[in-house]
Structures are given as structure tokens and as C-alpha cells.
Amino acid sequence: MKTTVRRLATTDLLVIGGTVHAAALALDAARSGLTTTLSMRTTSPVVEIGSSMAAVLSASEVDALPQELRRALLTEAEEVGDPSGNDWYLLHQTAAIIAVEDLLLDAGVRLFYDSHPIGVLGSGASDATVCGVLTGGKFATGAILAPTVVDASSNLDLVRRTGGAQFVSLDRPDRYAAWFLTDVDRWIAPIEYGDGTSVTLRGPLAEFRFEPPSGAPELELRRTIIERHASWCTEHADSAFALERAGDELLVDPATRIDAGGVAGPESTGLDGLYAIGPAVDLKANERFLDARTSYAGRASELMARISAERTPTATTRGHAELRLLARSSGEIVELGDGTLHLTEPDYDEPTTTPIEIDIPALPLAVRSDLVIVGGGTSGGQAAQTAGERGLEAVCLEKHSDIGGVSTIGGVPAYWFGRRTPFFKRFHARLKASVREKRLPVSLGLLDLVLNAGTDVRLRTPTVGAVTRDGRVTHALCITERGLSAAEGRFFVDASGDGDLAAWAGAPYSYGAERDEITLWCSFGSFHRGKDEASRQYMSVVDLRSAADISRGIIAGRRMGGVFRYGRYVQHYLAPRESRHILGDEKVTYHDVMMGRAFPDTVMHCKSNLDIKGMASSRAALTGYIERSFLQNYVSGVPYRALTPKGLENVFVAGKAYSATHDAIAMARMQPDMITLGAVASIAAQQALATGGRAREVDVESLQHVLTDVGILLPGDLPIGPLDERVPAEGEHLVEVIERLSAKPVEASEWARVFARAEEARGVLHRRGIITAEWVLPQLDSLAAALGDRSANDRLLERLDSMIAGDELPDAGELERRHDMPDHGNAPDAVYLINAIAGTGDLRLVSRLEHVAGLLELDPKVSDYRFSYVHSIAYAAELLADRRAGEIAVEMMERPEIRERLLDREEHDPRESSDYIGERFAYLGLCLARGAARCAVAEGYRRLVDYVGEMRLYLARSARTELRELLGADHDFERDRWLAEIENRSKAGALEPRSYREFLV
């Protein structure tokens, strides 16, 4: 069947796999003059010490390394000896991986991280001719085109899925090693379990070796570790140790190797242009890859010489219309009938990628189940456990080797906020007991609970697409050992955390903030010895829909110090705090959260403080209607309708991608709440399965009864009628609320009700004569302006003048700033006042903006309260749409602290985007440019075009979206065409002011 995917790159040589020998080969190729791409499913270029956690090398393994790789891997390493007198190197994982990455990037190698190989693409001329690889991940699927491909993955995943080569068994049992961080500092010789399994402690690392049944999947290996370690701790209490963190990869001695038939050499795969390197190529029966993990790096030069001799410069763009996935088909095949195959996201595009058509063969069936749960993270793990405990036939597809998401591999083990219902407390008590009794890391403790519940868990199974028919998802497309496969289900829980399945299936969504695509800061931190909390950051934005931006974010995040600065051990999980908001039948707003709204179909309540780790976008927050205390918590409901995506009949969205606004999700995304939301989704799915209907036809009242019985809904959680104070005020009730706002202190729940009824509130203020009354209090003046009414502006302008009358602008006063600005909506009161007056369109504000700009002295190394002033100038300019305001925005935009922060994707290195202060100034530049453009200042338009070429994708996409709206045209990401149109319109006088006056919730 034909379908469309995105071309991610075209390259002379594509190397698959994040291994030492893959890195060595890519370096050789790039230095020989070939454009070279290294694509890997991991998030570090050397799995042997990276995501495997095996950060220790023997002296012989170090000696086998090429010189420059040796120097890189030994960066900040410690040379130690074990009790047997053997020499070892305890590596500094973070420093070593950065050093290897620097080698690759300096040589010009392009890196794609978190990119899982699906299969080889054939050109159409011959099934034996390779022209690239189909790969998948958070970005759905994409094609990397290349006439020469080398599979250097640890187990030759690509070659096995293609079926071009034959494999022969090695005459020995499988042997596996799993490495974990421990809380001890001992070097102990192997301790035998008595059944062929052993554990060796090498300082902070524990190595397990065992011989499970041949071909045991990842799940069985993890289960073996749980059982062996628990029994060993019971039998050896005196010397038992706790496992702190599991490696995402289990290093493997391959059970089979390629059978080349003695004709073309061991690197041959049976396909023209596809080569292989690694232990599964020529490992001998008496060899142990686990004892010589670096031995294949030295063979990269030999393979590169052979490739150079055999390579023909085939045009990699040949036959795009004839590309097809080459894969072996075995077992049951999926019949898609008239279903629609989705392997790329509808209506999403990005620079340097183009759509191409490929032919997909019949897909093997991965699993058939009543309920398919996509993702085993915070929500998905609990959805899987709840489904099993309630007797559902369910399967959970998880990309990583561990479940738990942000609370485990994300390194946020403490539940800072969230509502601890009886349901959650029971779950947490069971988890703590499992972890404590078996001395396991939390990830394995969670896995233990889910397996005991009876749910089928498929680890190392990323979901990369969907099949739909008549408004229903029929299959989730995933990657298994058979390549692209289909998981068939009657209902689906999208617990990907990012709404992946729903979005690929066509559900509408917003991304990040409502004004642009800035999100809450993501994190890609590191770990310190003996600390299960990651040194995570609050610094940057990554677009998870893009393979290129994911890789950029990983490269940049690795170079950012976190809350505990740089840790020794790497993190393999890119943790976004926000991405998509799937549009459901109801949307939770910032005002809903602040007033603690209880919807008629409430299925749970969230609890959190104001936690906008990034830019606030609602008009309420921008005009100062925020909670000033970081410690104040709010409890708000989540309606059932926020879980049901528009346009899909059998999908529930669990996790932070449910239907909510940017500012709302900042407070309604905490781990205990998202754990609970996973359970709600599975219970709702159970009811939907029982009736055989659609997700939105579930009897909500019956569902609420069940949720009450299990301790998710508590007494008082549901509204008790139209006079319930938690619903938005209207009519006479709104009048009462507005009158109460004249009392101090102003409660957040009160102003939130007013903002929720903004249009009616303005009318009430006029009818009651409150605005013109001499006794009016300052907060009612500000409220009027924040609602867009300028009746009180004379007094507000006087107040603003008094605030900015000195030689320096006032700072944020006593507001507690937790991180670099922007932060939790905090800003000086003068900024809130500027933003409020700007919303009324009062042009008398312009002279004040000019005064503020004159007082602003920016520090290029600091993002503090001055960030808010610059943003207020940009915000005011786009609301006022006045040429003088636009010229002030241009003057700010041209300051070197802002102008020099733009990173052109064709001229700059992804490592440069690790400057998070620079990113904040770059975002201000975007805001100033669009403010100037809305004031009809041509230089604002030109600067937006500069941003179309930005390396950081959210800036490029936001600039392009603004240009498209202002000009009514679309030139994609082609700057020359945008500039030509702008110049033509500027000469013709056709650039007109266009105020951005949308009232943001």
C-alpha cells in the first residue's frame, strides 16, 4: 500500500546504531569526504557505556580503541584496580559522551538520536538495491536516503528486520549483562546465584550475567533480574545491595551471527549497498563480546576501505515514487481493508524535510487486544496496572526498557505536588513496599506491579503511526523484531504523554502556548552518584514532532548544567513538560484551574501550585492575575470530555496531552494526578468495552460511581447544582463576585470567575457604575483594563507614571522567583499594568513604552525581571498596532543582546543552542519582531523572515505562522520568497497595521 513519510535527510553514507564501532565508522567516513549520518535509537553515541549504564572498561578494552576515541572515552575517567589485581577505568559517562559527540560533530557527522530503525528502503529498480532506511520515533516515521547503509547496531536490528541476510546459531547459550547504579562503593568478585547467574560489583556499578532461554525478549530479561536480585538479597542479607537505576539497554552476546556463505565476506547482507559490522557479524563461538565491547571499533577502517572500493555514486534521489520498504513477512498478516495508514503527522511540516511516497508491504500483526495502551510512562504504567487488575485483556506498548516515565527514567522520583487520593495512596504504598522488599529501582518495582496485575507489556516497542477507519483507530503501528507491525485494538489509551497516537490519527490539537509554539521548559539532565533525582534543567524548548529538533535538544541538553550541575551519569530520556494539547470535547482553562472548577462530568481532581516553568500566555497571567505564593495549591476538576479527542471514537487521552490550555496544564500535570488519570482512562475503557459503543457514549454518571468506589473521586468533588461556587459566575452571581473584588485580599477564585465571563463582566461593571465611582479600588481599575475596558485608564496611567518615574525600572519586588525569567508568570507590577493598558488599545501608552525602553539596560548573561519589560514592549506593540510602538520594538530588537542570539540553522552548530539565556533573548527577538510587524513596520517583517531560518524549530515555526497570518500567503521556510513578497508589499504601501486582540484564556 502507498503512504507518505517525510524525508529527513539525504546522505552519502548512513550508519545505523549508537555503538563504539558505529562512531568509529562515521568518523572515518566523514573524514574521507562523504556526507555521513549516524542514526540511533539511543540518546548517546556509545551504548556500550551510555544507556547500558556500563560505564566501566577493562584495560584491554581501552587498548583496543582507536586513539582519538580512547582519549574521548577516558575524559575525566578514574583508573582503579579490583580485588583480583585487574585494571579498570571507571568512566565519567557525561564527559565521555560529550567528548565522543564533539568528535563526530566536529567531523561533520549529522546525528539523529531516538530514531528507531524500521527497515531498509528499496529503490524500485531491484529488491536487492538499497537506497535508504525508514526510521521511527516521536516524530512518527521518516526516510533517510543513502546509497550506502551500514548496520552497526548492537544486535543488527536493521539487517534482521530486512531479511536480506541469513543467520546461523552460535554453539553456546545466550549471555546477557545488565548494569545498574548502586549505593555501594565496593569492588567484589562475581557472586554466584547458584543457577548460572552471577553479579559483580565494580564500584558504583553492578553487572548481572545470566543465561535465560534462547531468544528471551527484553521483558523476560528484566523479569529475571527482578527475581534473581530479590532472592539474592533474601539469602545474603548481610551483603545485599539496593539497585538504584536500570540501564535502558541490556548488553548482549549475540546468539546468532550472519552466515555470509563464504562468498562476499562477513560484512555482506545479501543486499546491494547494505553492510554490517559488530559482534553479530563474525563473533566466534569461543568469544565473548561482553568482555571485549570495543574490539570492533578497530575494524571500522577496514570496512570503510571496502565500502570505498565497492561504492557506486548512485543518485540518492532516484526513484522517489518507487521507494518501498523491504521487509520479511512472517506470521499473521494484518488486513487493513479500507483503513487509512498514517505514518506521518497530518498538516505538519518543518525545514529541510519533504514528503515522499513509499510502498509498505503487508504488515505483521504484533498483538490483538481489547485495549491497547500506547506508552508505559506516568499515566500509561498505571493504565496498564489498572487494566490488568480489572480483568481487561490489555497490552501496553512502551518505547523504553523501563516503565514509569518521568518518575523513573525522567529522574523526578519525589511527588512534589498532586492530589493524594485514597486510590493514589494505595498504589504508592504497594510500590514502596515492592521497591523496599526487593531492593529494586522504582522502574523495576513498577514493572513488577504491572506484570503481577496480568497486563501484557511490550518493552522496546515504540509506536510510530496509526491506522484509522470511519473515525476509529483500528491499529497502532509499532516497531517490533519483525519491523513495522500493527497492534490491533477495540479501544486505545494514548498515554504517550504527547498525544502521539491521537495526533497521527488526525485529532486536532494545539502545541505549547496559544500565542506561539513555546512550551514549558523540557529537561535532558544527568545523574549524580547515589542520587535517583536527575540534575534536570528548566531551560529550553524542543519540538518532539521533529527528528532533527529532538536530536538538537539532546545535544544541547547534555551540555546544560541542571539543578545540581553536571552529573557523572547520563540520562537517556528527553523529558518534555509540555507538547501537544489534544482538543477534546471540553478544554480545561487557566481560569478553570484557578477557581477550582468542578465540571458536571468531572472524573478526577488535580492539585498543584502555580507551576508555569516558562512563558505564561493567558491574558489573566500577563496582566498580573496569578498566585503570588509559590506554596499555594489549587484543586481543580478534569472533565471526562477532556479525555475524548474530537474526531476519534475509541481513543482516550491520558497524561499531560489531554485537552487543556498552556497555562492550565502548568498546574494540572503533576505525577500523582497523571497516574490517577491513567487509571481513569482504563476504567472508562472498561465501561466502553462493556457497552460496545463509542468512548463519548460512556455513561458518565455510572463511571463517576466507580471512580468514587475506588477512591479517585471524593465527597464534594462533583458540583451540587447551578449555585455551586466552583462553576463560572453569571448573571446576578457575577455581580456579587465583582462587588466582592473590592475587598482585600483578592482571592484568585474570584477574579478567575470574572475572566471566565469576560464579556458579561465588562457589561456588569458599566451597569453597576463601579468603574466611574470615585471610591473604586486600584484592583478594580486594573481588572477593567485587563478585561479590555479603558474607562479607568486615566488613573492607571497615573499609577504607571509613578512606578517608572525613577532612574531605574522597579523589579519584581517580593515575588519569589524560582528560576530564570520568564518564571511562573512573575513580573514587576509595572509590567502587568503596561500589559493591561495595552489590551485596551490606549495609544497614550506609547510614550511610556519609549520611556521604559530608554531605562532598560540589558545584561547578556542574565535573564531577570528585565525580560518581562522587554516582553511587555513587544506585547503592547502587537496589541496597539501603532507605528511609533513598532519603532520602539525595532529599537529593542536591534540591541546586540537580542539581535545576536539568533542561530541560523545553516550556519550554526546544534551545540550552540545550549545557551539557554541566549534562547530567552532570541524568543524576545521573535516577540519584538511580530510586534513591529503588526505595527506595519517593514523591519519587523524582515526580522520574522530571519527567524524562519532559526535552528530552534519552535522559533522558526512560530515566525512562519505569524507571517502566514499577516500576509495571507505561505512560502514555507523559504526566506528569499518571503523577503521578496515583503519588499513588494512595502514598496506598494500594502503593509497595514493589524492588532492582535484575541482574548487569550
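The model is predicted, so local features need pLDDT of at least 70 and side-chain atom pairs count only at pLDDT 80 or more, while totals for chains, interfaces and linings use all residues. Residues are numbered from 1 along each chain as its sequence is written, and side-chain values use heavy atoms, with hydrogens and water left out.

**Exercise 1.** Find where Arg545 lies and decide whether Arg545 is buried or exposed.

*Solution.* Start with the location: Arg545 sits in the loop that runs between strand E29 (526–527) and helix H13 (547–558). Helices (H or I, at least four residues) and strands (E, at least two) are DSSP runs, numbered from the N terminus. Next, look at accessibility: the relative accessible area of Arg545 is 2%, so Arg545 is buried. Buried means under 20% relative accessible area, exposed over 50%, and partly exposed in between (1.4 Å probe, protein chains only).

**Exercise 2.** Work out where Arg257 is found and which residues Arg257 touches.

*Solution.* Arg257 belongs to strand E17 (residues 256–259). Its relative accessibility is 28%, so Arg257 counts as partly exposed. Leaving aside residues up to four places away in sequence, Arg257 touches several residues, among them Gln166, Phe167, Ala280 and Asp282. Contact here means heavy atoms within 4.5 Å. Finally, compare sequence with space: Arg257 and Asp157 are 100 residues apart in sequence, and their C-alpha atoms are 12 Å apart.

**Exercise 3.** Describe how helix H17 packs with helix H18.

*Solution.* First, take the geometry: H17 (residues 671–691) and H18 (residues 700–709) pack at an angle of about 130°, with axes 10 Å apart. Axes are lines fitted to C-alpha atoms, for helices over the stretch in contact, and angles run from 0 to 180 degrees between N-to-C directions. That angle makes H17 oblique to H18. Angles under 35 degrees count as roughly parallel, over 145 as roughly antiparallel, 65 to 115 as roughly perpendicular, and the rest as oblique. Then list the partners: Val680, Ile683, Ala684 and Gln687 in H17 meet Ser702, Leu703, Val706 and Leu707 in H18.

**Exercise 4.** Find how the axes of H29 and H30 cross, and which residues make the contact.

*Solution.* The axes of H29 (residues 916–934) and H30 (residues 938–948) come within 7 Å and cross at roughly 140°. On the H29 side, the contact includes Ala922, Gly925 and Leu926. On the H30 side, Gly940, Tyr941 and Arg943 are among the residues that take part.
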